[in-house]
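Subject: Structure for your files, with notes

Hello,

Here is the structure you will be working with. My notes follow below it.

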Amino acid sequence: MDSVDRASSSPVVVAIDGPSGSGKSTVSRAVAARLGLSFLDTGAMYRAMTWWMLANEVDVEDAEAVAIACGKPVIVSGTDAAGPTITVDGQDVSGPIRGPEVTGKVSAVAAVPAVRARLVELQRGCASHAERGIVAEGRDMGSVVFPDATVKVFLTASERARAERRAAELRAKGVDEATITAMAADLARRDAADSSRETAPLTQAADAVLVDTSELTLDQVIDTITALVEEKAGLTAA
């Protein structure tokens, strides 16, 4: 038996947006797994594009150069919540795209309209091929990519909470303290850049449900969003 009973035959789209460190990826993946839906990490797609630009010596501060080059890489995002993947020209880049160089440059690349247009097309394509539905996380899922999403959630948390979570994640991966300090300090810069860009800025959609995760445990956040999706989309977890 399927892990999801759907009240409607239309594929479900759950759009989860929010700033860095709010827990989007972990929460979205867990909700998708619990409800038997596909999972899409759109941030990984922008990181993959940035990684390709850097690897091919494209000046990421030159918006025109980025726009011209962004149609070249073949970016494929696997949507299995149990093991999401991201490849560029057939190469697994799930590790390299999380490095500090990509992290420091991804906002510049993501601000280029041509990049966003291309990746939005890919993101919508992923959703259209998700048989049961998809949980898509990012910064403009509810406002731009999936304006008619079944459920929209905006995850947020205090800057301190987000910085502490990101530091804990990096320590668990064995990242040195100097790099952790630099990447944690970069959160505010990325928030400002993503919120102020002209094309598809980080913003809460008017009809999105705000969930502040600052004082909530991971399980509480997952339970809250799962219940919301079950209520609005007529889904039942296994």
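Thr-87 stands opposite Asp-92 in strand 5. Strand 4 (residues 86-88) and strand 5 run antiparallel and are joined by two bridges; two strands count as paired if DSSP finds at least two bridges between them. Helices (H or I, at least four residues) and strands (E, at least two) are DSSP runs, numbered from the N terminus.

The model is predicted: local features need pLDDT of at least 70, side-chain atom pairs count only at pLDDT 80 or more, and totals for chains, interfaces and linings use all residues. Residues are numbered from 1 along each chain as its sequence is written, and side-chain values use heavy atoms, with hydrogens and water left out.

The sheet is open, has three strands in the order 3-4-5, and pairs in the antiparallel sense. Its edge strands, each pairing on one side only, are strand 3 (75-77) and strand 5 (91-92). Helix 2 (residues 42-55) packs on this sheet and touches strand 3, strand 4 and strand 5; contact means heavy atoms within 4.5 Å. The direction of helix 2 makes about 25° with that of strand 4. For such angles, axes are lines fitted to C-alpha atoms, for helices over the stretch in contact, and the angles run from 0 to 180 degrees between N-to-C directions.

Asp-89 lies in the loop between strand 4 and strand 5. Its phi is near 50°, a positive value in a residue other than glycine. Asp-89 counts as partly exposed because its relative accessible area is 46%; buried means under 20%, exposed over 50%, and partly exposed in between (1.4 Å probe, protein chains only). Glu-57, in the loop between helix 2 and helix 3 (63-69), also has a positive phi, near 55°. Glu-57 is exposed, with a relative accessible area of 76%.

**Annotated binding site**

An unreviewed UniProt entry lists Gly-18, Pro-19, Ser-20, Gly-21, Ser-22, Gly-23, Lys-24, Ser-25 and Thr-26 under "binding site". UniProt positions are given in the numbering used here, feature names are shortened, and annotations may be inferred rather than shown by experiment. Of these residues, Pro-19, Ser-20, Gly-21, Ser-22, Gly-23, Lys-24, Ser-25 and Thr-26 are included in the lining of the largest pocket. On a 1 Å grid over the protein atoms alone, a pocket is an open set of points where a 1.4 Å probe fits, with protein on both sides within 12 Å along at least five of seven lines; lining residues have an atom within 4 Å of a point.

Gly-18 sits in the loop between strand 1 (12-17) and helix 1 (24-35). Gly-18 counts as buried because its relative accessibility is 0%. Not counting residues up to four places away in sequence, its contacts include Lys-24, Gly-138, Phe-154 and Leu-202.

Lys-24 belongs to helix 1 and is buried, at 7% relative accessibility. Its side chain reaches the backbone oxygen of Gly-18 at 3.0 Å. A polar contact is a pair of N or O atoms within 3.5 Å; within protein, one must be able to donate a hydrogen and the other to accept it, and residues adjacent in sequence count only if both atoms are side-chain atoms. Beyond four places in sequence, Lys-24 touches residues including Ile-16, Glu-137 and Leu-155.

Asp-41, in strand 2 (residues 38-41), is buried, with a relative accessible area of 11%. The side chain of Asp-41 reaches the backbone nitrogen of Gly-43 at 3.1 Å, and a polar atom of that side chain lies 3.2 Å from the backbone nitrogen of Ala-44. Leaving aside neighbours within four places in sequence, Asp-41 is in contact with Ser-25, Arg-98 and Glu-137.

**Strand 7 and the chain as a whole**

Six of the six residues of strand 7 (residues 151-156) are buried. Val-151, Val-153 and Leu-155 lie on one side, and Lys-152, Phe-154 and Thr-156 on the other. Strand 7 pairs in the parallel sense with strand 1 over four bridges, and with strand 8 (residues 209-212) over four bridges.

The chain has nine helices and eight strands. Of its 238 residues, 47% count as buried. Among contacts with a separation of 6 or more, 79% come from residues 24 or more positions apart.

Regards
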